[in-house]
Amino acid sequence: MPAEVLWAGRDDGDDALEADAERLLLLMELDHAELAITLCDDAHIQELNRTWRDKDAPTDVLSFPQGDTPPGAPPILGDVVISVDTAARQATERGHTAEVELRVLMVHGLLHLLGHDHHDDSERAAMRGEELRLLQALGLDGVGLVSRAEAASAD
């Protein structure tokens with residue numbers, strides 16, 4: 001199974017989110033790669049954010065690329081960690097379900113694992129386009145995080 005979704009500290013996951021992650025990997029011809037998605041609460045992601053980014057606050061999504069894999073082994077993309085608490089708040093703010101927000105965050109985190117970023121205009125444009133393409137592939141008409149950030153900075 002190329003994608004696995006688990007709740008931090010629990011043995012269960014989210015089968016629908018896992019199926020969507022696998023659909024995206026197939027679309028990007030990465031169905032042989034491995035991806036781990038961890039769903040957690042704000043306290044857990046805040047600790048990760050503090051440890052790895054020196055930011056003592058919860059966030060919505062973090063990506064941890066795996067790096068090199070041994071020759072002949074399937075590529076391991078890395079880990080995407082999503083705060084369900086923050087996703088629920090953002091979903092309410094944007095007028096859609098938490099399930100939609102989890103997919104928006106999963107797409108953003110996955111693109112970071114694949115090397116996309118949003119530090120300059122050209123990177124932002126490329127990542128915005130990929131977010132839109134992948135969200136549409138999941139049947140979602142919403143905007144991705146890059147578009148949201150751009151709209152917020154324009155206000």
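Modeller: In this predicted model, residues 24 or more positions apart account for 55% of the contacts in the protein chain that have a separation of 6 or more. The chain holds six helices and four strands, and read from the N terminus these elements follow the order β-α-β-α-β-β-α-α-α-α. The radius of gyration is 15 Å, close to the 15 Å that the globule rule gives for 155 residues, so the chain is as compact as a globular protein of that length. Along its principal axes the C-alpha trace spans about 50 × 35 × 30 Å, and buried residues make up 37% of the 155 residues.

In soluble globular proteins, nonpolar side chains tend to be buried together. Here the largest nonpolar core has 31 residues, and those with the most contacts inside it are Leu 24, Leu 35, Ile 37, Ile 82 and Met 106. At least two residues of this core come from each of helix 1 (15–27), strand 2 (34–40), strand 4 (76–83), helix 4 (98–113), helix 5 (121–137) and helix 6 (145–154). Helix 4 gives the most, with eight residues. Leaving aside residues up to four places away in sequence, Met 106 touches Leu 17, Asp 20, Ala 21, Leu 24, Ile 37, Ile 82 and Leu 138. Apart from this core lies another, of five residues, among them Cys 40, Leu 48, Leu 62 and Val 81.

Glu 101 is buried, because its relative accessible area is 0%, where buried means under 20%. With residues up to four places away in sequence again left out, Glu 101 touches Ala 87, Gln 90, Ala 91, Arg 94, His 96 and Arg 148. Over the whole protein chain there are 12 positive and 32 negative side chains, and the centres of the two sets lie 6 Å apart.

Pro 75 lies in the loop between strand 3 (61–65) and strand 4, and with 27% relative accessibility it counts as partly exposed. Although Pro 75 and Leu 35 are 40 residues apart along the chain, their C-alpha atoms are separated by 9.1 Å, and Leu 35 is one of the residues with the most contacts inside the largest core. Pro 75 itself touches His 32, Ala 33, Glu 34 and Thr 69, not counting residues up to four places away in sequence. Asp 141, by contrast, sits in the loop between helix 5 and helix 6 and is exposed, with a relative accessible area of 74%; its C-alpha atom is separated by 22 Å from that of Glu 123, 18 residues apart along the chain.

Two further loop residues call for a look at the backbone. Most residues other than glycine have a negative phi. Glu 29, in the loop between helix 1 and strand 2, has a positive phi of about 60° although it is not a glycine, and it is exposed at a relative accessible area of 65%. Asp 54, placed in the loop between helix 2 (42–53) and strand 3, likewise has a positive phi of about 60° without being a glycine, and at 72% relative accessibility Asp 54 counts as exposed. For the chain as a whole, the accessible surface comes to about 8,300 Å², of which 51% belongs to carbon and sulfur atoms.

Key. Residues are numbered from 1 along each chain as its sequence is written. This is a predicted model: local features need pLDDT of at least 70, side-chain atom pairs count only at pLDDT 80 or more; totals for chains, interfaces and linings use all residues. Side-chain values use heavy atoms; hydrogens and water are left out. The radius of gyration is taken over C-alpha atoms; the globule rule is 2.2 Å times the number of residues to the power 0.38. Buried means under 20% relative accessible area, exposed over 50%, partly exposed in between (1.4 Å probe, protein chains only). Contact means heavy atoms within 4.5 Å. Accessible areas come from the Shrake-Rupley method with a 1.4 Å probe; for residues, only the protein chains shown count as cover. Lys and Arg count as positive and Asp and Glu as negative; His and the chain ends are not counted. The place of a charge is taken as NZ of Lys, CZ of Arg, CG of Asp or CD of Glu. A nonpolar core is a set of buried Ala, Val, Leu, Ile, Met, Phe, Trp, Tyr and Cys residues joined through side-chain atoms within 4.5 Å.
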